[in-house]
Structure formats: structure tokens, C-alpha cells
Amino acid sequence: MLFSTPFISTGKIRKGTKGDTPVTFVRAEFNNVALGDSSKVTVSSEGTAKYNFTSSFDFTSEGTNTLDDLAHKPVFLTVFEVLPKEKKQKEEKTVILGQAVVDLLPLLEGECTFEIMTPLHPIIGSPLENLRPGAKCCLEVTVSVSEALLTTAQILGGNLVKVTLEAAYSVPEIFGTTGPPQNYMVGLQLPTIGEKDCAIFFKNGTLKLGGEKEYVPRPKKWPIANILAPGAQYIPDSFITGGPFVEEDGELNCPEDKDFRNQAETLKKRIVWDFESRCYLDPPAVANFQKRIADCRFWPVEITRVPVAPVSKGKSTKVDKGDDDGQVFFHGVAYVNMVPLLYPGVKRIRGAFRVYPYLDGPVYEKTKCLFSLFHDVGHQNKLGNVPGINSPLAKPILTKIVKEEKPPREKDTVRKLSSIKSQSSDNPLEGEVPLYQNAEGQQYVEAGTYLLLEIELEKALVPKRLPEELASRVKEMIPPRPALVRRTGGAQKAVDDYHAQIQNIATAILEEYHKMFGKELTSGKDLDNQTLENHKCQLNYELNCSGKYFAFKEQLKVKHSFKKKKKSFEEFIFLVSCLLFAFGSTYPLKASTAAVATSTTSEQLRLFAYEAQVNEDFPLATVYYEERLVRDNQNLEHWLDYGSFCLLTNDILKAQECFRKALSLNQTNIDSLLLCGLVAIMLEHYEEAEIFFEDATCLEPTNVVAWTLLGLFYEIQNNDIRMEMAFHEAAKQLNARLAKEKSTAETVDVEGKLESSLTALGVVIASPSKGDIPQGEFMPLLSFLSYGFLKVSKSQISLLVLASSASPGVSQRPSTIFMETTRFLMKVNAVQYVHRVLAHELLHPQGGPSCEYYLVLAEIHLLKKDFAKAEEYIHAASQMDYLNPNVWGLKGHHFYLSGNHAEAKECYERTLSFVVDAAEMHFIYLRLGSIYLEEGENEKAKNTYLLACKKSPSCLTWLGVGIACYRLEELTEAEDALSEANAMNNYNAEVWAYLTLVCLKAGRQLEAEQSYKYTLKLKLKDEALLKEIHMVQDMVGFGDPSF
């Protein structure tokens, strides 16, 4: 194929050596071959020269000018000035004014022709250096090919690899700027077109002393030597931008490495390259590239130092000599983990990679490589025959079978295989060659040397689904619920009309009453009860005789068919309440106080459902969860809570229905997506699960739980690479969040020290009391404890930090992605996945058994009624954190559920004695109060239940207060507490039973009989309490309407 480049139509040359209108010409070079010179042109007075110069070269798929050469080698355009001939001068003298660079990369992107205006960079000493500010010399160049170099299939299936070597930091101290010159080289190998591999070499690194950091952004350089103009060595529009080290993909990216990285990149010696080399991969090479990464995740990047010595003339250039002649000095290797390039959507990895001594055994064990790129390189360098950049090698590197026409030397093969063999054996075999110890390479380890390297692809090897595609798939599976149309009629309008009708009828009745008894009302005399009763009878008589009574009654009639007596009773109560409300709002009593709202809120219903759930009264819990949905079925939290409850009862299909309805209300809600994904895994709908999890990570990329659950899904699918990707991203997001929280905590700590100083000076600062610390939002948890963090203010955080630091033996360990996920799974009752997550926690470098780890296991076994195993885990938790209130709380629950109330009492009292409350105190108060009642300590029971009422009032807390007050013979307080309990839940038979006892003791026969009726109707199960009621009835002589 004929390759025409470049056509230079115009050049702007501002100044020459011998005047402002010099005679110039252009020389084109590619791949170290001169393509030709243009004609000599005189620069006009405007500084323009029209060369009209065309040169060309042939492109071949294999040979000198390949696609790989086009990828990383530019065309150099050197502008020469022809100096005027002096006397007795036979030949013309020329001087170089500048050099321009043309990048041919657009040809690999499918273009056949492109035009650029490339700057002309002056060489050192050129008159172009002295141009006025703002003046710029450039060449107008056109590059074209007769036909496209790549087909559409090659463009779509091929790829371009860009390898950028920035620097080697913290190099050994023995490296110095004095002494013989050294060539610092780095090399790695990539698969390229066909079966051959491409060796990429970066040579001529610059050794720098410490003192300042490399600036960013800085331009990348061409990996080519002997570029004449300093400005021409920079690749156009290509820069090293750097970035936070914690976001890198290599090693030394943990927070604890921050100080070492800063010191190494600022103060210590470094070798700087800043070179970018490119390598084109055709579609078969791309497939081979992916396969090799999957087969062996670590690829070797070698580094060496070779002395640069002058070569005497006439010396043999034979390169295949003994090992001593081709010795490589300071031979090290860095292991680059290439697996991230197989992550969906990932096109770039950049990071720091530690340098280790190059030893055949360890290198083979980790990378499956049998050959070193720098074998005999030192000898070749001494001869001035250093391998070219990106030169294809005959020796494959990564797990490929050696396919050389000439077999390797027997001596080399024996040496390498014996080295590998000795590495796999503890004791050297008899007659075995001892393993060569790389003493020079060991200095890299002692100095902490690392390479800063970037590998970038033009296209991701594994495409990632776009957020729009994921959102579309979710919408197909779960269509969004349309917004409810606001009706002009409906329930609210019916209630409003009912209120208006009541007001009209009340007004008409009052008018009739005023007609009959208006004179008595205007006399100013107070009417006694007997007179008012007579007025009532007369009014009823008149209304019945006139027919108005039946007319009013017909207007208030509600047309409805009551199918169930329970439903009829409830609706009758509702209609009576509407009647009282309408009448009260129309004719309020002067002496009446503000009405107390007794209707329960959504959060209260949530608490009641949780109480029933923990007490294993699942039917009652279902009633409360469904009541929340009836009140507001557009609230996705109601659906999520009910679905989590269904997971606990193992009703997977109903849980799926709830989570999908929640997602239909808001398709960007992360919890809904994650829960839909979890249920899809339970039902083995793996494709749907992947879509849900991926959509969650796209909508909220910083969500640690979403990434971790995606990793667990890939683990179930046996997709190790993607599992590693998800866990890595989760850890990255968690570390970023913890670093931010740490900086905030440090600021708070400084504020705390300032407050202490002010207090020492006599300034009084009010500290928040224990009761002022707000509890976290109540969540429907799996069991008795929730392991969330309290939401507190800065001053309260300081107080908690001081309290925890004063506790001996308590070690706080940073959270891990798996414990974060465990908390979420416990919250939503997804017990099926907890053991899998905790198994990862044990293997995590920062994980392992912790107090929280054992508490979670104990909680799960308490649910299974496996008290022996639960006790074992609680004991292990207490050994790790004896002063943790959650440990003592769960220990109390264990003893309470196993029937040992005496031990449970001690544990609960120990929990209450801590300065900081346990994560969930509600059931600790309830169960401790019940133990006090059993043991007759009614005063303690009353106080304990009142604490529960203060924090989270419910029917059970007020019932406990009422029982304690009744036992203390405080009947008024008992009645008030029981009334509160009855207002929150009027279907609790025990509340009606104690109301019966209070009314019997107070001598109120009618209320006692009514309460007793509801006690029997609701089927009281406590036989002892029922016997006590009968005994009191016999004692007072009334209360049983059956006699």
C-alpha cells in the first residue's frame, strides 16, 4: 500500500540565521529513514514559505513499516536553512532551524486523510528561539493514504494500548549522577499482530536528586532518542495528570502509605522517563491479550541499569556470547496486576508497583515467564546495538510455547530450569546448581523502589452496560407505577359531605329547640338537669309527631352493606367519631380543652409491628404492616419494611412483590434495587439480579453495600474476576469515606480540646447528658439488636470519643466492606447471605473475628433457638470487648429466652449502667420490667417501663406502667397508663383485663362490666389473670354481667 506523507503546503518561518528572508527546505523522516527533501524556498517578507512538498513510503503488514510502527512513531519534519556561500566554499552549508512532529495515530482510527497545523519547535541556538512573545512558527501538513489501513471489522475489534512510564521512585542510594554514564531501562512485553509479541523498551531515563515533586500536568514524551528540538519530544495533547494515590490500581495506595509516598516523590532520588509508547492490537491479538490476562494476572515489568561505554572500532558485534559478557546490572522486576483491564468498562490502570530482584524462580512462579527481556541487553548496549523501541521478539513471554527456528542454548535452558526447580524444593538436590542470588536487585527492596506506570486502552476489553440501558431493563421488568389521579369524589369528599350534613341537621334541631324553649333561655336563669331532661323529652316528642325526626334520620343514613360484624363495629365507631368531630367543630364547648390526638402514626405502627415480630406474634405484626400500607400505599418505606418482614417469615414471593412495588414507586431507590436483586438470587433469576445490582452501582457509585452485593453475586456465578472488581471498588469507596470521616473527627477533636481549655479557664460549657443523645431512626431489624451508628452532633461525638478512649481494653477496628454489608443484610432480614459475607470477613486482611462478628452470629443462633451455640459466640464477643453494652444486652436476651431470668436481670442491669446505651434499648427495658414484675419489685418495674415510654412509647410500655401502678395500689396512675395503652391498641386483651381490675377496685360497675366483656371477646390467654379478675369480682360483688 502506498502511504503518502506528508504534503507540506505552507510553512511560516519568522526569522533565519542570516536575515529575515532565509532560504529553507524541509526533510521528512519516518522510522529512522529519510523520505526526501523539499525544494529550496525563500521565505517571504511575511514569513511564509510554500514548499508544495510530497513524500511517501510503503506500508506493509509485516516488515519495516507496520501498523505498530504507525502507532508509536511519528513523522519528523526538519527545517533547514541554506546559508549563503562564502568565498572559496565549494558546498553549501546548512543549519537546522527547527523540527516538527506529525502523529499518524488518526490513520489507525479509520481516517484516510487529515490536515494539521503542527508547530515548528526550535532547536537549541536556533534564531527561532528569539521570536517575540506570541509569535509562532508552524507547518501546514496533509497526510493521506490511498485506502483505509483498517477495515471496519478491524476498527471495531482491534484496540490500541498506550503504556506510560512516569518514573521509578526511591531508587537505591548507590545510583548517582557522578561516575560513568548509565542507561536506565525498563521493558515489558505485549501480544501484538499475529503470533509475535511486542517488546516495549523505555531507555535513557533521567536520574534526579530529591528536593521537589514532579509537577503535574506535564506532557508525555515520544520514546525515541535523538530528537533534535527539545519541544519536539513531547506528544501533542498528551499529558500526565496524576491524581490521588488512594485511587490508584497498583500497590502502595493505602492510607498508611501516604507518608512514604510523599517522602519518596519529594525528597528521594528518582529516575524519570515520562515516555508513552503505543502498541496496536488487531482482533486476534485482542482476544489473545484477554486470554493471557485471564490465565496469568501478573505481568513482569523489568528494570535494569546498563553502563554506557564507548565502543572501539573493529570489535566483533557478536551478541550471543557467554553470560559474563552480557551481564545485566541491578536487574529488578515489578509485577503489574493486569486483571483490572478485564473489569467491565475499565480502560486504564495506573499505579505504583514495587520493584523486586529479578530471580528466575519467583518470576516464573508468579508470571509463568521463562525468559528475560534484558538477556544479553547489557552486552548489546556496550556494542551500541540496544534493541529498538517496540521491536517484535521471537521469544514469547507469557505462557506461550517457544516457537523459535533456532532452539535456545542448552546452557541457558539448564540454568533456568534448575533455578525453577530449586525454588520449588526446600532442600537443593544433589548436584543442583545453586540459585543465583541477585544482590544488586535486592537493593531495590531495601530502598523501597517502585515504578509509577500507566496502561491505557482505547476501548475497554469488556464493555460495560450503560446506565440508560440498565434503567430501561429495570423499567421493562417493573413498569413505574403511574401517579394516582386526584378524584373529585371519593372517600374524603364523602366525609366532608357527611360533616356538612351533620352541621345542617344540628342547626335545624337547634332552631326547633329555640322555638319551643326560647323564652326560658332568655330569662337569664340557670337550667337544672331535670329541666333540661324535660326539654329533651318534649323535643323528641315534637320531632316524632311532626315527622322531622325520620327526615333527619334519613339524611344521615349511610348506605353500606356490612358483611362482617367486626367491620361493621369499626365503621360504626368511625361514623360516631365523624359525628362528634363535626358537632364539636361547629359548636365548641367553652370549657373544653384541646383534644388530644390519639391516632397512631406510621412510625408508631412500625414500632408495634417490630414488637410483635420480636415476640414472634407474626399475625399481629402482619396486621400492623398492612395497616401502614392501607394508610399510605405510595410510601415505598412501607413496602420495604413489609417485604423485609416477609423475608423473616420466609415468604419469598410476597417479599418479591413488596420490593417490586417499592421499586415501581421510585426506580432510582437503591435499597429497592438491592432487595429486588437479593430476592432474584433466592429465586435463581440470575440475569435479573445482575441488572438490579449493576443499576444500583450506576445510580450511586459510592455505595459500598451495592458493590459488595454485586461481588457476592459474581462469586455465586463463579466469576472471580468481576467479583474481585466489585470488592475492590467497594473497598475503594469505603476507604474514601473513612478518610473523610477521619478528617472530620480530627476537627472535632481539636474543638474538644478547645472546650477543655475554656473549661479550665472558668468558662462553663454544658455537656449533653445521656438522655440528650438522640437514638438512630428505628429500623425493622432481624432481631433484638441493630448495629448502626448513632446520629449525634459534633459535641456529642467528642463526648463519645472521650468515653470510649477512657475504657481500657476496648480496641476499635476500622470497618470493612463485609461488616457494612452484614449490617444491611441483618436490617432487611436476609439471613441467607449473612454466613457467606462473614466468611469473607474472616479472610479479609483488615477483617477477622471481631466483637461485632460474634454478636451477629449469636443473634442468628438465638433466632434458631440454638442457645448453646449463641452462648458460645456471646462469650467470644465478651472476651474481645467486655465493656460493650451490646454484648451485655444480647447476653441478657439469651438468658431471658432460655428461661434464666435471674441471670438475664443481672445482664440487663449491667447494660443500663453503661454511660452509652446499647444500640437498641427498647426490649431491654420491656424484658427487665417484666422480670421486676415477676419478682414483685413493682417500683423498679414502674421506673423501667417509664424509661421505655420516654424513648419509644407503645402499648406494651404503657401496659407495663399500668400493671406496676396497679400492683402499687396507685389506681389513678394505673388507669391513666392503661388508657394510653388502650388508645394505642384497643385490641390488646391484657389491657382490657387490667382496666377491669382497676374499675372493680374503684367501684365503677358499668365500666368494669364493659371492660370485662372486651376481655372475654378478645380471648384473654392469661388464665392466672382471668382467675384474679373472678376473685376480685367475687370480693366486690359485681363486674360479671352474665349473672
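A salt bridge is a side-chain nitrogen of Lys or Arg within 4 Å of a carboxyl oxygen of Asp or Glu. Side chains of opposite charge can pair when their charged atoms come close. Keep that in mind for the views below.

This is a predicted model, in which local features need pLDDT of at least 70 and side-chain atom pairs count only at pLDDT 80 or more, while totals for chains, interfaces and linings use all residues. Residues are numbered from 1 along each chain as its sequence is written, and side-chain values use heavy atoms, with hydrogens and water left out.

View 1. The protein chain holds 36 helices and 23 strands; here helices (H or I, at least four residues) and strands (E, at least two) are DSSP runs, numbered from the N terminus. Of its 1043 residues, 45% are buried, where buried means under 20% relative accessible area, exposed over 50% and partly exposed in between (1.4 Å probe, protein chains only). The chain exposes about 53400 Å², and carbon and sulfur atoms supply 54% of that area. Such areas come from the Shrake-Rupley method with a 1.4 Å probe, and for residues only the protein chains shown count as cover. A contact means heavy atoms within 4.5 Å; among contacts with a separation of 6 or more, 71% are between residues 24 or more positions apart.

**View 2. R628 and D641 join two helices.** Across the whole structure, a search finds 45 salt bridges. In one of them, the side chains of R628 and D641 meet at 2.8 Å, N to O. R628 sits in helix α16 (residues 618–631) and D641 in helix α17 (residues 636–648), so the pair ties together parts that are 13 residues apart in sequence. Both R628 and D641 are buried.

**View 3. R722 reaches E690.** These two residues form a salt bridge, with their closest N and O atoms 3.7 Å apart. The pair links distant parts of the chain, 32 residues apart: R722 belongs to helix α22 (residues 720–760) and E690 to helix α20 (residues 686–699). E690 has 16% relative accessibility, so it counts as buried.

**View 4. Helix α24 is mostly covered.** How many residues of helix α24 (residues 817–827) are buried? The count is 10 of its 11 residues, including I817, F818 and R823. Just after α24, N829 takes a positive phi of about 65°. The side chains of R823 and E852 meet in a salt bridge of 2.7 Å, N to O. This pair links distant parts of the chain, 29 residues apart, with E852 in helix α26 (residues 851–863) and R823 in α24. E852 and R823 are both buried.

**View 5. Strand β14 is covered on both faces.** All 6 of the 6 residues of β14 (residues 197–202) are buried, so the strand is largely enclosed by the rest of the structure. D197, A199 and F201 lie on one side, with C198, I200 and F202 on the other. Strand β13 (residues 182–191) runs antiparallel to β14, and 6 bridges join them; two strands pair if DSSP finds at least two bridges between them. Look for V186, whose bridge partner in β14 is F202.

View 6. R278 lies in strand β18 (residues 270–281), and at 4% relative accessibility it counts as buried. Its side chain reaches the backbone oxygen of A71 at 3.1 Å. A polar contact of 3.0 Å also joins the side chains of R278 and D103. A polar contact is a pair of N or O atoms within 3.5 Å; within protein, one must be able to donate a hydrogen and the other to accept it, and residues adjacent in sequence count only if both atoms are side-chain atoms.
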